[in-house]
Amino acid sequence: MRCDSFHHPPPTRLGTAETHFKLVGVLTAPMCISQLMLLQVFFLMVPEGVWLQPSSPSGAAPTPSDVGPASPGGTLQSSSEGSETPWPVPGISTAGPTVVTPSAPENGTVDLFPALPVCVCDLTPGTCDINCCCDRDCYLLHPRTVFSFCLPGSVRSSSWMCVDNSLIFRSNSPFPSRVFMDSGGVRQFCVLVNNSRLNYFQKLQKVNATNFQALATEFGGESFTSTFQTQSPPPFYRAGDPILTYFPKWSVISLLRQPAGVGAGGLCAESNPAGFLESKSTTCARFFKNLTNSCTLDPALNAASYYNFTVLKVPRGMTDLQNTKFQVPVTLVSQAGSPLLSGNICQNVVSQVIYEIETNGTFGIQKVSVSFGQTNLTVEPDTSLQQHFLIRFRAFQQSTVASLTGPRSGNPGYIVGKPLLALTGDKSHSMTLLQSQGDGICSVKKHEVQFGVNAISGCKLRLKKVDCSHLQQEIYQTLHGKTSPEHVAIFGNADPAQKREWTRILSRNCNVSAMHCTSCCVIPVSLEIQVLWAYTGLQSNPQAHVSGARFLYQCQSIKDSQQVTEVALTTVVTFVDITQKPEPPRGQPRIDWKLPFDFFFPLKIAFSRGVDSQKGSASLILILCLLVLGVLKLETK
Amino acid sequence: MPSLTNLQFQVCNIVIQQFYTLLSAHEGLWLKRSSYEEQPTVRFQHQVLLVALLGPDHGGFLAWSTFPAFNRLQGDHLRVPLVSTREEDKNQDGKMDMLHFKLELPLQSTEHVLGVQLILTFSYRLHRMSTFVMQSMAFLQSSFAVPGSQLYVNGDLRLQQKHPLSCGGLDVRYNVSVINGTSPFARDYDLTHIVAAYRDRNVTTVLMDSNPIWLVGRAAEAPFVINAIIRYPVEVISYLPGFWEMIKFAWIQYVSILLIFLWVFERIKRFVFQNQVVTTIPVTIMPQGELYKEHLS
């Protein structure tokens, strides 16, 4: 590779320091090391009046004796002072130069001009500043003899531009040049840059009110910002915006809050805002050190604190708070008492808050209603309470019938994790599993079966003293829920009215006849719900559907005479994927092949990278061609 | 052909010695161990064994497993959790990529979980070289000084090999269940016993998650939750190469060095004989017939 730029500067323009320095700068590029010889030649030849023509650089081959290393002392042959006038002709260059001969080059700080017009380190007037070589208060002719060193700025500063000294054999630059030792002990050949455009900061920009912001954004990056931002309220809510509320009693604007568990503790973060149109439920825990006090004083336990405000229809209502046109009161669906401490029990504590909000596009919130779930707490040293908050959004005047059908579990195909829909009679509900309470006894609460999620759960059921058929009935009810599901939805969007969108659940009660015991009662102890499902439709857009479901009961016989008080029940749900995958396209290796199907791997890599590696694939093809040629040649021999 | 002189013999010896030292430099001529990458076919066996260690004031522990015999042994300590699991094949390549495991253990308000021991079992299959089938486990033990409400684990099920696998065939050495679920004896469900037997294997899997997260602050009626995401990553499996694989790599080295030595040795031989460095006696080979005749007579 050649460094063309080296040959190009016409001789007549070499005189300015700028162009000259560029010459040296070019050398620093690693590609140009091979051109060093030429540079040396160039420098050598110039004073002798032999001008190289750019077209014939090779004509100037140096004799070995011409090429000598730079003198170890570092100085140089340098250099006529570079005035701003261009280098005229070689002969005249020696006419009137101020010859600079630096004497102590190694450490570089030579006190050439002790008296500076501005002494930057003279900080205490009338006193000699230590190591400030330009301080006139010191009255020192040779400050360096007293001071251990001179502070930067106390001697005349100069800007040197340096290249590695090994690149230069000899310099005939007309400008002051020197060899310094840098901090790493590497010798550097430096040229004094005598060009006002390079030496000084560019002229200051005028800053006024108009361009202040422009300059700040152009040159500035990230910086600290004050958190306080003033914004005019938007005309209407957008999805996810916090909802504004107004407390007329205190004339305070606040946000509609949906406390949520936060951090490792799962404690209620009181001020978590609810997002507009974001229906969601949150759960969090509260702990009470002293429930006797908190019972009546803690607003979080008091239902009134969840509706004693109005909701702003649109954020614009902030500007005119006296106008009730922009406000919606929170209506109570059912009466909720305030907490009451009676004896050791704190009654009417809020355990669940459900907001129903009706919205109408950009007209904002039209109606807000709230309902509560309440519980009683026993006063103990460390009482805790779990609260549930649910906010549901609904389009204004939407038919309540439509909203009763509940959310889909997919449209059409089931989505993993959504409830599995079952049908009893004409009523659609989600399939459930048993759940146990804290003490292991069967809970009234049931766990929803989620599509695609295998689950197992169980609990202990206390048996009442009833006859066998009642017992059986009770246990069956516990296992499959109050009503036995008859159908299961094929797709996640099944309509209860359309019977062909549902498939019958195959149910197999336990085999009673197998038991040879007359005084026995055969009771079911476990229910296994098996669901076969598969993907249908396009492979790129698979839709999961239920192909069939089965209830499998397992039974155990207990003797009437036995005093069985408890029975352990188990429910299991198993999802089996019976999807038949299509054959992979031709040429694609199957997953169970053991053949070395990566034979053409390099080719595949080269061609699959595409446009961005044209070079790579080209060289690969070249190599392949050479290989083929070589093989052909061998064969012809 | 010139006869082999003593010197020639020595030179030959040195050259052969050099030849073999060069061949067996560093790794040696033969490929003794190699490795390949494969994503295993892992399936969760839906076997769970849980021991939850409770705070001191309530004493003891709660336990549950999918093995009826184990549950029978627990008596009052049995507490049936709600377990939901899902295996996910993210890239639809027919191999499962991760397991979502969630366990909700109902607790009374006075019970506090301080530690958890959990065993999940997997069936683990490798296919590319030898068909390797084993039943393995992920053992999770975690405890914290403060009673927890949730334990969150997100880790990889990594393969650990003490010995390389073979290069082919069927390997079912460890296709035995980790927990003997049919046994009625308490000893078979003892964790130390299970772990000791498992660690005896040459090939095992471990759950790699150095930092399970404990979340504290459980409300009285809330269950203790174990939330685990276990990934089945691509493994680098070391194996013993077969005969032909060894030959495939060896002959290239052998031939490439042999050619150079043959050339060098040829040059030396020529130099020695052309310049008569050693005394040589040219001997003409006798025709076979004459030799035979002479022998007869």
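What share of the contacts in chain B with a separation of 6 or more comes from residues 24 or more positions apart? The share is 76%. The model is predicted.

## Chain B

Chain B is built from 5 helices and 12 strands. Of its 297 residues, 44% count as buried. The chain exposes about 16600 Å², and carbon and sulfur atoms supply 60% of that area.

An unreviewed UniProt entry annotates residues 246–265 of chain B as "transmembrane region". In the model this span is 100% helix and 0% strand, with 28 Å between its end C-alpha atoms.

## Interface of chain A and chain B

Chain A contributes 30 residues to the contact and chain B contributes 34. Together the two chains bury about 2300 Å², of which 55% lies on carbon and sulfur atoms.

On the side of chain A that touches chain B, the elements giving two or more residues are β8 (280–288), β14 (383–395) and β19 (454–462) of chain A. The largest share of that side comes from β19(A), with 7 residues.

## Salt bridges

Over all chains, the search finds 16 salt bridges. One of them joins R394(A) and E356(A), whose closest N and O atoms are 3.7 Å apart. This pair links distant parts of the chain: R394(A) belongs to strand β14 of chain A and E356(A) to strand β12 (residues 345–359) of chain A, 38 residues apart. R394(A) counts as partly exposed because its relative accessibility is 21%, while E356(A), with a relative accessible area of 19%, is buried.

In chain B, R43(B) and E87(B) form a salt bridge with an N to O distance of 3.1 Å.

E88(B) is partly exposed, its relative accessibility being 21%. Back in chain A, salt bridges with shared partners join E356(A), E358(A), R392(A) and R394(A) into one network.

Definitions and conventions. Residues numbered from 1 in each chain as written. Chains lettered and ligands numbered in written order. Predicted model: local features only at pLDDT ≥ 70, side-chain atom pairs only at ≥ 80, totals over all residues. Heavy atoms only, no water. Helix = DSSP H or I, 4+ residues; strand = E, 2+ residues; numbered from the N terminus. Buried < 20%, exposed > 50% of the residue type's maximum accessible area, 1.4 Å probe, protein only. Contact = heavy atoms within 4.5 Å. Areas by Shrake-Rupley, 256 points an atom, 1.4 Å probe, with all protein chains shown as cover. UniProt positions renumbered as here; feature names shortened; annotations may be inferred. Buried area = accessible area lost by both parts, 1.4 Å probe. Salt bridge = Lys/Arg side-chain N within 4 Å of Asp/Glu carboxyl O.
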